[in-house]
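Here is a quick walk through a few strands and helices, chain by chain. Have the viewer open and follow along.

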Amino acid sequence: MFIAFYITDSKYSLVFQYLLSSKSPSFEHLRTKVQEVCPKLMSDANTTESGTRTNDGNGNLNAVRQPVGKNLELYKYYSSTNKLYYFCLTSACSSGSKCSPFVFMEDMDRLFLEYFDKDQLTASKIKNNYDRITMIFYVCVSGGVPAAGKLYSNSVKKVVPVRSDLSKIITSTAHTLQVAVQRQGQQHGERFGNKQSRFETDSSLESEMVPWRSAGLKYTNNEFYVDMTEEIHVTYQKSRKTSGSNLRFDSSKMTMVCGTINGRATVRCYLSDTPSVELQLDLAGNDMGVPALHNCIENKTDLSNLKFIPPDGKFSLIQYSIDLDQVSQSRRYNSCVGLITLDFKDQLGTKKDEFELTVNIANSREVESIQDLCIGLELQPPTDNNSQNRDTTQDSEFKIKVLRNTHGRFDNSVVSGKGAWIFDKDTPTGSLPVLRGCVENSTGLSCDAKVQRVSLSYTHTGQLISGIRVKAININSQGTTGTKPFKGVKYMTTTGDYEIRS
Amino acid sequence: MVDSINRIATALESAKVITREAAAVATSKLGESSYRHYSEGIAPEQLRELLNSRNSREVKDGLRRIIAIIASGEGPIDVETYFSDVVKNITFGEAKIKTLVCIYLQRFAESDPNLALLSINSLQKTLIDGDPEIKALSIKALADIRVSSLHPIVLHSLKKAVSDSSGSVRSEVGFAILKLFIARSDEFAEELLQLLDQLLSDADPQVVSSAVLVLHECFPERLDLLHSHFRYFCSVLHRMDPFAQAAVIDLLIRYCKMFLPRPKVVNSSSETGESVPLPDKYNEILFPVYDTEIHPDLDLFLKSLERLVYSSNATVLLATSNAFLQLATPAQFKKSRLPQALVRAVSSSSNLGVQIILLQSICLLSSIDPTLFLPYVKKFFVLPSDDATVGSLKIKILSILTNESNVKFMVKELKYIISNSKSSALVIAATNSLAVCAMLSPGWEAYIIKGLISNMEIDKLPTAVLGSYVDVIRVLVQRNPKRHLSSIMKLVKVLDARKALSDNARASVVSIVGEIAAFEYKICPDILRKLAGTFAYEGSETRCQILLLSAKLLSYEIEKFKEEQPNETYDFSQSRIAQICQSVVHLASFDEDFDIRDRARAISSLYDTGKYEIATLLFQAPKPSPKMTLINDDMEVGDHIVQQLGDPGLDKFVMEYYKMIPWNDEESNDTDDLRNPATLKDYSRYASSLSGSFTSGSKSSATHIKQESPAGISHTPLASHQGKKYRLQTLDEFFSDIPSTRATKKKIIIQEESSSEEDESDETDGADDGDEDSTDQSSSSSSSISVHNNN
């Protein structure tokens, strides 16, 4: 049973608290208690340092859940998009899967984003809207349990009307000022109408077809946007010829160790009344597995043709994960995934102290440029046969020196043997960047260059890595005389973990 | 002159202040930040003025400030002193003000019950408000006020509101039941249960959602309440709220175990078709190929669960997996594609807590039946971005899924982690998993031990990691010390070369040496000789082990001597071993650790008094080889405890969650009629057909949510579908939710069942049809009036 909720920033100072009763402890009380009982729960050292150093990760929940006092448990959730910590204080119960506080906090986090129609929720946004956030919590928690059926943004909006202030309109880039002003005027009218006659309020409530959509919505510009995003997680193994020497020049084979594509379709829907939408996807031969679908989708089996009555505003329609390790899939992606192929050669040159990174960015009709391309490089510490030497000065002192690079700049990391090749904001497709560097130790002597692993991160729009595309969006808004809906689709590909091992 | 200039200046100054204030107020209406600035500047006295104002905007400003103070947990103002100023604003008509006051009441009513009672009257007035949202808010606020004298009044209001026409009001009644139950469970339990039972048969899935949540919280043992709702719940399961889904699945699992017969497993490979009841332990079906004979109601439940694999809520997935574990056969579990959904949820979630719980569940499920997750084994390879906890859980799962066919790439992956990972927690987990791989075959065993030892020699490792290496090697070597003699020799070399090795790692190595003394005695004295020299510099555990080793060797030595020359007495002064042992004992008897001193004394007294047989018994007793099985055999199903070296295992609640509930095998006299569905209470049709205040546009596309209504469920829509029936039924409708009017109701049922399935399919659909005909009836107020007549 929930007792209190707290939101803190990344330094664990309070941003917001919602206490369900007069007995709920305030954050100050809680913090002193936590520092006494389980200080790790509220210290950064836990997440960054000791997680890697001490024997902390033994597979239980202690990093995110701790009992504080008798019959009380504190759950922690970190929202990476908003960089906020959520804490949920509950009374201890023996049964159940313990999962719901985490899920609930995540839901609330998502709900705030949907409610404010933002991509990120800052601490100051919360501070500016204490009353709203409190009201949203009031709507969503009832008697210490999640208020079933109220966790849709529309039912929250019904109780806590969205404020359409001028600053939001000005900053809104998606709509022209003209459109925005029109809409604002209209919304004012609508709310005014609600206040005036109970008759209309009733009608709008009673005609609700589905719990996730309020009735009687009106938009002058009917708009429907689909944002498809995919995130790649792949690991390749570059087969290494141990005999060394010139064989390194051979382009050796890459094999996939494991790979997943996590995809997501987010919809922003501003349509009048209660339309039904049909979203046809071209799956390009991919197997989406068992995706997570929004409640509104009716035919859950046919994923290429999704039919639904959309909720109003922003929502996540489908979350899928394509398993690249399956036999049918792996053949397609075995050598490379996406537009960018990365290869490296090491132990080059006469002293074997040079290495070369080659990036091949394929041409694409849909994609003009790659954003935020960055290649992380990690070298093996140079092995010395003289073991005494190793024990004294250690392998720590060696540096990567760039000999030649066609694009971007190279950053040596504080940790020796690591570095990053950082490209400009945009790198045009169809280019072939090359970086050649050498390794030197502290005394300026050259030493063996052996690449341990290379990681790759980038973002591009215009195309999904799996090739999935939206074929058609059919909006069927019966009987309404509104303008023809405007439909838009956006594709975006990012990398999660892209790693090549040597 | 100067004076007048001064006067003008001050006037100007004050004017400036005034304009500034005005500007602040003006800009506050523009941006949120500037509003906050203005709001934070409100002085305590000014706040009271604002709260007492008659202007709703000023009241709102005051309330927002109050809420902000509560939410920020700081501020110089004690908000409790404004109690009466805040609470009296409940009379304002505006919804936002009401909500804010209610939030304030929820927080502070307890501390000042007398003043809180002031608000009751106006809250009760709004209970007959036409707007269901306001009604729901009032119910919520009333139930939130924890003042015991108020509870009977609330209960009374609930009895009225339980048959309200609006779903949101009824679902709020559900939560109010929960709140009352928490406050006064002893007195009101019976009455609350009656109310709840009424809500359980509601036609609106949202209302049912809240009702089952409350049932799960308050009356988890009253499974008998579910009899008449079982089939209905199965059919609307996918339309309930996710949190309610998890609760109802938990309830229905226990219901099935209690009231439904155990499924039978039929051997489909043999001609005879022999059948056995589903075994208590999950993975104990002996037939290679089998069919399952299950009760139709259980089948209905499992079928409805299969739709939930598409849920994005991890709680639901966990509940569903538990249901399949408890109620179905492994084949059915696999067919449900639930394992795939769990794996997807892990990889797409960014919620650490959820990931950990999911992985722990997968860990447990796969230790029960590895084949469930075997196809997705590569999904458990550790990614660079994974948290250490997630990573070590993944490695643990990998070790469970290891078998002959995948051990090759598994070992490769684990070795990669060991040699490349920066996190020692991961390395330790991977090392432990390697031990599991090693147990598959002697070949792998030798390979892995060799690899680990060579790693120890080369790398500079943290002590914890090195300790885990030695632990694993010790466990592996001990299984068959003869085979690994050369490895042990290498270990000893490492012991010699690496003085920085941690105490317990060194101690482990020394104890391994003791193990080989039984069959490879001749190398041991030399090792002991070297160790004895550095005795003083070792850690306490190692010292203890050296002492034991020396005693052990001496006892072997004496035994050997006795075999060769049975009649001679053993001469301590002639024996090198005895001398080394003596010197070790001597050193140990001055040890700072009392345990070592005690042992030294015991050993010296044993040998001094010549009780060699006792020494032999003590020091040569064979040690049981350490168990490295993942699943302990003596555990019950559901307690399949995943044990690994140096690992505390899974969190306890995960095991408890998946604990097998026993089937109730008693022959029950219950027939299936028990689960004949009760009549649904469909208030919405009733309301809409009367009020009929619909806009024509709203008709549109309600047909989209087609509900596969199973044959067993009879929907009794109380409103008509055709206009001409409408007048006939108005009276029935009025009394239909009063249980005593059975006779009239029956007629309706018959009518409905003869109608087409589409009518049955969806109530919103029907509601539309109904309202279309009755637009002329209009007037929304009639709906609320009629409800009150009804009660």
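## A hairpin in chain A

Let's start at one strand pairing: A:Leu348 has A:Glu354 in S15(A) as its bridge partner. Keep in mind that this is a predicted model. The two strands involved are S14 (residues 340–348) and S15 (residues 354–361) of chain A, and they run antiparallel, joined by 7 bridges.

What sits between the strands? The hairpin of S14(A) and S15(A) has 5 residues there, and A:Gly349 takes a positive phi near 80 degrees.

## A strand tucked inside chain A

Now move to strand S13 (residues 313–323) of chain A. Is it enclosed or open? Of its 11 residues, 9 are buried, so the rest of the structure largely encloses this strand.

S13(A) also has pairing partners. Strand S9 (residues 254–270) of chain A lines up with S13(A) in the antiparallel sense over 10 bridges, and within that pairing A:Cys269 is bridged to A:Gly313. Strand S11 (residues 292–293) of chain A pairs with S13(A) too, again antiparallel, through 2 bridges. Here you'll find A:Ala292 opposite A:Gln319 of S13(A).

## Chain A as a whole

Zooming out, chain A contains 11 helices and 24 strands. It has 502 residues, and 54% of them count as buried.

## Two helices packing in chain B

Over in chain B, look at helix H18 (residues 338–348) and helix H19 (residues 352–368). They pack at an angle of about 150 degrees, and their axes are 9 Å apart. The crossing of H18(B) past H19(B) is left-handed.

Which side chains should you click on? From H18(B), pick B:Leu342, B:Ala345 and B:Val346; they meet B:Gln355, B:Leu358, B:Leu359, B:Ile362 and B:Leu365 of H19(B). Sorted by type, the residues of this contact come out as 7 nonpolar and 1 polar, with no charged ones.

Last stop: helix H24 (residues 463–479) of chain B. Its 17 residues, at 1.5 Å a residue, should span 24 Å, and the C-alpha atoms at its ends are 25 Å apart, so the two agree.

H24(B) is also mostly covered, with 12 of its 17 residues buried. Among them are B:Val465, B:Leu466, B:Tyr469, B:Ile473 and B:Leu476, along with B:Gly467, B:Ser468 and B:Gln478.

Definitions and conventions:
Residues are numbered from 1 along each chain as its sequence is written. Chains are lettered from A and ligands numbered from 1 in the order in which they are written. This is a predicted model: local features need pLDDT of at least 70, side-chain atom pairs count only at pLDDT 80 or more; totals for chains, interfaces and linings use all residues. Side-chain values use heavy atoms; hydrogens and water are left out. Axes are lines fitted to C-alpha atoms, for helices over the stretch in contact, and angles run from 0 to 180 degrees between N-to-C directions. Helices (H or I, at least four residues) and strands (E, at least two) are DSSP runs, numbered from the N terminus. A crossing is left-handed if the near helix is turned anticlockwise from the far one by less than a right angle, and right-handed if clockwise. Contact means heavy atoms within 4.5 Å. Ala, Val, Leu, Ile, Met, Phe, Trp, Tyr, Cys and Pro count as nonpolar, Asp, Glu, Lys and Arg as charged, and the others, Gly among them, as polar. Two strands pair if DSSP finds at least two bridges between them. The expected span of a helix is 1.5 Å times one less than its number of residues. Buried means under 20% relative accessible area, exposed over 50%, partly exposed in between (1.4 Å probe, protein chains only).
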